[in-house]
Amino acid sequence: MVRTGFRLILEGQDDISVVGEASDGVEAVELVRRLRPDVCLMDIRMPRLDGLEATKRIRQAAADGSDDTRIVIVTTFDLDEYVYGALRAGANGFVVKNSGPRLLIEAVHAAAGGESLVSPSVTVRLLQHLNSSSPATGDATARARLSPQEHKVVCLVARGRTNNEIAERLTLSLSTVKSHLSRLQDKLEARNRVEIAAWAWENGIVT
């Protein structure tokens, strides 16, 4: 029923086509490898193979550049630890199942455009959980790795802000924001903006 609801929502958009559905994690990995969609919506709890392991397998296949599928996790509010694990495994964002059609559509568009959307209602809760379970390595040491502008960008990324929101908040062009994020990924050895956010919380940059 959830898949049917998602399909109806997504196919109602002129620029989105649903090319496949999977009933379990093993089938999801196989379909992604065969169909190579732009975006995959991945549940956490599935038969045969959970979303965390399925995400890892898709990312392992993508390591050789053969697959550029972006993965968005869909989950319930109470699965924070599992969601964090999936993001660390290479997912590009996550939304809560009951967030509504608008956020689901925005998440797909953001992923397709190379951004990561995280449901605002759980961003801080999820990353604060990470912060409380992982001792920070020291605010001063971490800050020293960033320029003042990079620090501002990291803080906003850690709060779940999109590139457009960061550009507006800091009065920067969108291309400048993207350049900052690219440099931050290189500097922090992060694969995506979610890992930048995780780094910020782990190191006490955001509280």
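**Stop 1: strand β3**

Select strand β3, residues 93–96: G93 and V95 point one way, F94 and V96 point the other way, and all are buried. Buried means under 20% relative accessible area, exposed means over 50%, and partly exposed lies in between (1.4 Å probe, protein chains only). Helices (H or I, at least four residues) and strands (E, at least two) are DSSP runs, numbered from the N terminus. In a regular strand the side chains alternate between the two faces of the sheet.

Two strands pair if DSSP finds at least two bridges between them. Select T75 and you will find V96 of β3 opposite.

**Before going on: what kind of model this is**

This is a predicted model, in which local features need pLDDT of at least 70 and side-chain atom pairs count only at pLDDT 80 or more, while totals for chains, interfaces and linings use all residues. Residues are numbered from 1 along each chain as its sequence is written, and side-chain values use heavy atoms, with hydrogens and water left out.

Colour the chain by pLDDT, the predictor's confidence in each residue, from 0 to 100. The chain averages 80, and 79% of the residues score at least 70. Which elements have the lowest and the highest mean pLDDT? Helix α6 (residues 120–133) has the lowest, at 58, and helix α2 (residues 25–35) has the highest, at 93. Where pLDDT is low, the predicted coordinates should not be read in detail.

**Stop 2: the whole chain**

Show the protein chain as a cartoon and count 11 helices and 3 strands. From the N terminus on, the order is α-α-β-α-β-α-β-α-α-α-α-α-α-α. Of the 207 residues, 49% are buried. Switch to a surface view: the chain exposes about 10600 Å², and carbon and sulfur atoms supply 49% of that. Accessible areas come from the Shrake-Rupley method with a 1.4 Å probe; for residues, only the protein chains shown count as cover.

**Stop 3: the nonpolar cores**

Select V154, L184 and I196, the residues with the most contacts inside the largest nonpolar core, which has 22 residues. Such a core is a set of buried Ala, Val, Leu, Ile, Met, Phe, Trp, Tyr and Cys residues joined through side-chain atoms within 4.5 Å. Helices α8 (148–158), α9 (163–170), α10 (174–188) and α11 (193–202) each supply at least two of its residues. Helix α8 gives the most, with 6 residues.

Which residues does V154 touch, leaving aside its neighbours within four places in sequence? V154 is in contact (heavy atoms within 4.5 Å) with L146, L184, I196, W199, A200 and I205. A second, separate core has 17 residues, including A22, M42, M46 and A91.

**Stop 4: helix α11**

Select α11 next. This helix is largely enclosed by the rest of the structure, because 10 of its 10 residues are buried. Among them are W199 and W201, as well as R193, E195 and E202. Just after α11, G204 takes a positive phi of about 75°.

**Stop 5: salt bridges**

The whole structure has 7 salt bridges. A salt bridge is a side-chain nitrogen of Lys or Arg within 4 Å of a carboxyl oxygen of Asp or Glu.

Show the side chains of E21 and R3, which form one of these bridges (3.2 Å, N to O). E21 is in the loop between α1 (2–11) and α2, and R3 is in helix α1, 18 residues apart. E21 counts as partly exposed at 28% relative accessibility, and R3 counts as partly exposed at 42%.

R7 is partly exposed, at 25% relative accessibility.

Finally, select R48 and D24, whose salt bridge has its closest N and O atoms 3.2 Å apart. R48 is in the loop between β1 (39–43) and α3 (51–62), whereas D24 is in the loop between α1 and α2, 24 residues apart. Elsewhere, salt bridges that share partners join R3, R7, E11 and E21 into one network.
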